[in-house]
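Work through the exercises below with the model open. Try each task before you read its solution.

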Amino acid sequence: MIDPFGRRISYLRVSVTDRCDFRCTYCMAEDMTFLPKRDLLSLEELDRLTTVFVEKGVRKLRLTGGEPLVRKNIMHLVRQISRHLKSGALDELTITTNGSQLAKHAAELADCGVKRINVSIDTLDPAKFRAITRWGNVEQVMAGLDAAQAAGLKIKLNAVALKNFNDQEIPDLMRWAHGRGMDLTVIETMPMGEIDADRTDQYLPLSQLRSDLEQRFTLNDIPYKTGGPARYVEVAETGGRLGFITPMTHNFCESCNRVRLTCTGTLYMCLGQEDAADLRTPMRASEGNELLAQAIDEAITRKPKGHDFIIDRTTRRPAVSRHMSVTGG
Ligand code: SAM
Ligand code: SF4
């Protein structure tokens with residue numbers, strides 16, 4: 001799959017549910033309306049769809065959400081997809097999770113051939129963690145991280161950098177992560193979906209965070225890549241890796257290799273644009289996969305050049321109306 005800008009599409013992210021057991025303030029409103037369960041693709045349909053993508057050249061697959069580990073029987077899907085790892089058709093199967101259910105599933109994830117996972121954690125402080133997630137418990141996430149490391153999974157922590165919330169804590173979070181052998185990636189908040197808070201109050205440009213960190217640490221740019229949009233540095237003082245995901249201050253669209261599938265079978269060719277393709281209808285229209293493959297090919301021809309995210313006081317509306325939990329991070 002090659003898009004009109006010559007980019008090879010080799011990475012599929014699948015949001016297996018839009019539901020979540022947290023309500024992070026930058027991600028969701030407190031009283032979110034979720035999709036009716038009847039609109040969801042079954043796990044068998046998700047497997048069928050992802051398999052067609054693998055046949056069309058996807059080498060890396062990430063399950064995300066919402067919270068992927070709250071989807072009922074999710075490990076059944078992980079087990080099914082893992083056959084593509086065994087056959088060599090897929091290089092990597094991974095997951096982005098808030099960690100709340102990780103203690104239960106870490107060992108089985110490892111057994112299915114998952115090697116690395118991303119766990120989102122914005123603060124180590126229990127009260128602040130509760131405040132930012134509204135419903136989360138940091139102890140539960142810690143138990144999940146312990147279980148994941150015990151199972152041999154490599155962990156990358158993701159933290160959304162939020163002005164006046166965790167900007168001062170990032171050095172401690174980084175030292176803690178690196179001390180435990182985990183990478184840390186910081187992310188700029190993106191204007192996706194209506195939330196209760198004002199994003200202008202939350203937005204922290206990472207260029208600013210980086211120069212603050214450079215007052216205290218030696219950050220050496222390194223060419224390390226995981227197939228995603230992060231740019232990495234090695235921190236001389238800790239020996240660990242720190243990643244920056246900067247959709248706002250440094251646009252990384254020119255090297256985008258990704259498309260995103262929702263739990264209703266809608267394909268988004270860009271996280272930051274509204275255009276999408278319905279894959280559920282062609283999938284359900286016939287038992288074979290020809291219509292589906294055609295619909296995917298047609299969608300790839302519409303992959304846009306990039307996103308147009310803006311956060312400022314004059315732009316009141318989010319760049320896209322759907323929440324991050326629909327297309328996954
Ligand atoms: N629930 C899982 C989790 O939190 O890791 C997976 C889905 S979550 C939508 C994926 C990632 O997107 C998380 O790291 C989260 O912090 C991030 N995220 C959510 N809303 C965001 C926003 N508006 N801007 C930037 N990152 C966001
Ligand atoms: Fe849930 Fe992840 Fe969104 Fe937080 S960021 S509300 S954990 S989907």
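**Exercise 1: the ligand site**

A polar side-chain atom of Arg199 lies 3.4 Å from a nitrogen atom of ligand 1. That is a polar contact, meaning a pair of N or O atoms within 3.5 Å; within protein, one must be able to donate a hydrogen and the other to accept it, and residues adjacent in sequence count only if both atoms are side-chain atoms.

Before going on, note the ground rules. This is a predicted model: local features need pLDDT of at least 70, side-chain atom pairs count only at pLDDT 80 or more, and totals for chains, interfaces and linings use all residues. Residues are numbered from 1 along each chain as its sequence is written, chains are lettered from A and ligands numbered from 1 in the order in which they are written, and side-chain values use heavy atoms, with hydrogens and water left out.

*Task.* Find what surrounds ligand 1.

*Solution.* 
- Step 1. Look for oxygen partners. The side chain of Tyr26 has an N or O atom 3.1 Å from an oxygen atom of ligand 1. A polar backbone atom of Thr97 is 3.2 Å from an oxygen atom of the ligand.
- Step 2. Check the cover. Ligand 1 has 540 Å² of accessible area on its own, and the protein covers 96% of this (Shrake-Rupley method, 1.4 Å probe; for residues, only the protein chains shown count as cover).
- Step 3. Assign the shell. β3 (92-97) and β5 are the elements that give two or more residues to it. Strands are DSSP runs of E, at least two residues; helices are runs of H or I, at least four; both are numbered from the N terminus.

**Exercise 2: the annotated cysteines**

*Task.* The UniProt annotation "binding site" (unreviewed entry) covers Cys253, Cys256 and Cys270. Are Cys253 and Cys270 buried or exposed?

*Solution.* 
- Step 1. Take Cys253. Its loop runs between β9 and β10 (258-261). Cys253 is buried, at 8% relative accessible area. Buried means under 20%, exposed over 50%, partly exposed in between (1.4 Å probe, protein chains only).
- Step 2. Take Cys270. This residue sits in the loop between β11 (266-268) and β12 (276-278). Cys270 is buried too, at 11%.
- Step 3. List contacts (heavy atoms within 4.5 Å), leaving aside neighbours within four places in sequence. Those of Cys253 include Gly306 and His307. Those of Cys270 also include Gly306 and His307.

How values were computed: UniProt positions renumbered as here; feature names shortened; annotations may be inferred. Contact = heavy atoms within 4.5 Å. Near = heavy atom within 4 Å.
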